[in-house]
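Let's take a walk through this one together. Have the sequence and the model side by side, and follow along as we go.

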Amino acid sequence: MSRLVLLDNEAVRALSSARHPKHRKVISHLQVITTRRKRSRSTTVGVPTSVRVEAGWDRRNQAWALANRLGITDMALDQTVADVAAEIRNGLGTHISVADAHLGAVAQGVDSEVTVITNDPEDITAAAGSARATIVRI
Amino acid sequence: MQRDQKVIAAALDQVTELLSVGEDTATNTSIRFPDNLREATRIAVDVLGLAPTTTALATTALRNTLEAAAAEVALELHYAANPDVRPTLGDLAVAAAEIDGHDLAESAEILHRAAAEIVQTRPDATGDDVLLWAEAQQRAGAA
């Protein structure tokens, strides 16, 4: 079965700088995914667009060159996903960030297995709800 | 950064940019496909339904190959500039276990030890290879 790996705000920030204390850990995960893709194992890495906004990831900015080059797919906040994200936030409360609610909505909307790389396992587990995502704490 | 690395980085950015835009336009091109591959592709599409068209099957495979290869080159470029961030084989085994939610993700020490052993005979082993081997060892030990 295919797997979608999602990055949260902290994972994106960790990816952005080699000096970030969690950089090597996030790179390890992306290296594994890259090797699997080279072996034609169906694995996709995605970033919800609102996570990208929160982390400041501007694809036009050369400072984000590494992240841009790793084949990380934007997961858009379209009408359907926005409705689910709003439902998640209405249900769990506004302490769940918009970005985390968006991530949860993406996780709930795919058929594949889902892994989330995050520093906030509790909120992400709650937001992912029925998707029962595999959570990797960084 | 050396000149070669600058050239590679620029090429990577070009490839990334091209892969990120839509596929609204297309051009007929002449590629010499081996006959057996062409026939296998036809059967895969017409009978097995693996893709709506042979073009879709070929372009998806090409895109996946390019994205994976570009990411691999990007990581190697990053490691060349930042040698300290290159993960060890043990790190990769732990990451593989974590991504899959494997029980051994909680046993980093076992995976690092397995990596140290397997690399002596398989220097090209991947994190997944180590995870598989460690799992097999664990099951053999439990049997």
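What follows starts with the sheet of chain A, moves out to its helices and loops, and ends with chain B.

One thing to keep in mind from the start: this is a predicted model.

On one side, strand 1 of chain A pairs with strand 2 of chain A, parallel, through 4 bridges. Here you can find Arg3(A) opposite Thr43(A) of strand 2 of chain A. Strand 1 of chain A also runs parallel to strand 4 of chain A, and 5 bridges join the two. On that side, Leu6(A) has Val116(A) in strand 4 of chain A as its bridge partner. How buried is strand 1 of chain A? Of its 5 residues, 4 are buried, so strand 1 of chain A is largely enclosed by the rest of the structure.

Carry on to strand 4 of chain A, which covers residues 113–118 and runs parallel to strand 5 of chain A, with 4 bridges between them. Across this pairing, Thr115(A) faces Thr134(A) in strand 5 of chain A.

Next, a helix pair. In general, two packed helices are described by the angle between their axes and the distance between the axes. For helix 5 (residues 79–92) and helix 6 (residues 98–108) of chain A, the angle is about 120° and the axes are 8 Å apart. The crossing of helix 5 of chain A with helix 6 of chain A is right-handed. From helix 5 of chain A, the contact uses Val81(A), Val84(A), Ala85(A), Ile88(A) and Arg89(A). These meet Ala101(A), His102(A), Gly104(A), Ala105(A), Val106(A) and Gln108(A) of helix 6 of chain A. Sorted by type, the residues of this contact come to 7 nonpolar, 3 polar and 1 charged.

Why does helix 6 of chain A count as largely enclosed by the rest of the structure? The reason is that 10 of its 11 residues are buried. Among the buried ones are Ala99(A), Asp100(A), Leu103(A) and Ala107(A).

Two loop residues of chain A are worth a stop for their backbone. Ser40(A), in the loop between helix 2 and strand 2 of chain A, has a positive phi near 65° without being a glycine. Ser40(A) counts as exposed because 11 other C-beta atoms lie within 10 Å. Arg132(A), in the loop between helix 7 (121–128) and strand 5 of chain A, is not a glycine either, yet its phi is positive at about 45°. Arg132(A) has 13 other C-beta atoms within 10 Å, so it is partly exposed.

Now to the meeting of the chains. Here 23 residues of chain A are in contact with 25 residues of chain B. On the chain A side, the elements that give two or more residues are helix 2 (23–38), helix 4 (65–69) and strand 5 (134–137) of chain A. Helix 2 of chain A gives the largest share, 12 residues. The chain A side as a whole divides into 8 nonpolar, 10 polar and 5 charged residues.

Chain B itself is divided into domain 1 (3–85) and domain 2 (89–142). The centres of the two domains of chain B, taken over C-alpha atoms, are 30 Å apart. For a last stop, find Val119(B) in the loop between helix 5 (108–118) and helix 6 (127–142) of chain B. Val119(B) touches Leu89(B) and Ala125(B), leaving aside residues up to four places away in sequence. Val119(B) counts as partly exposed, because 16 C-beta neighbours lie inside 10 Å.

Notes
Residues are numbered from 1 along each chain as its sequence is written. Chains are lettered from A and ligands numbered from 1 in the order in which they are written. This is a predicted model: local features need pLDDT of at least 70, side-chain atom pairs count only at pLDDT 80 or more; totals for chains, interfaces and linings use all residues. Axes are lines fitted to C-alpha atoms, for helices over the stretch in contact, and angles run from 0 to 180 degrees between N-to-C directions. A crossing is left-handed if the near helix is turned anticlockwise from the far one by less than a right angle, and right-handed if clockwise. Two residues are in contact if their C-beta atoms, placed from the backbone, lie within 7 Å. Ala, Val, Leu, Ile, Met, Phe, Trp, Tyr, Cys and Pro count as nonpolar, Asp, Glu, Lys and Arg as charged, and the others, Gly among them, as polar. Domain bounds come from an automatic or database domain assignment. Two strands pair if DSSP finds at least two bridges between them. A residue is buried if 20 or more other C-beta atoms lie within 10 Å of its own, exposed if 12 or fewer, and partly exposed in between; C-beta atoms are placed from the backbone.
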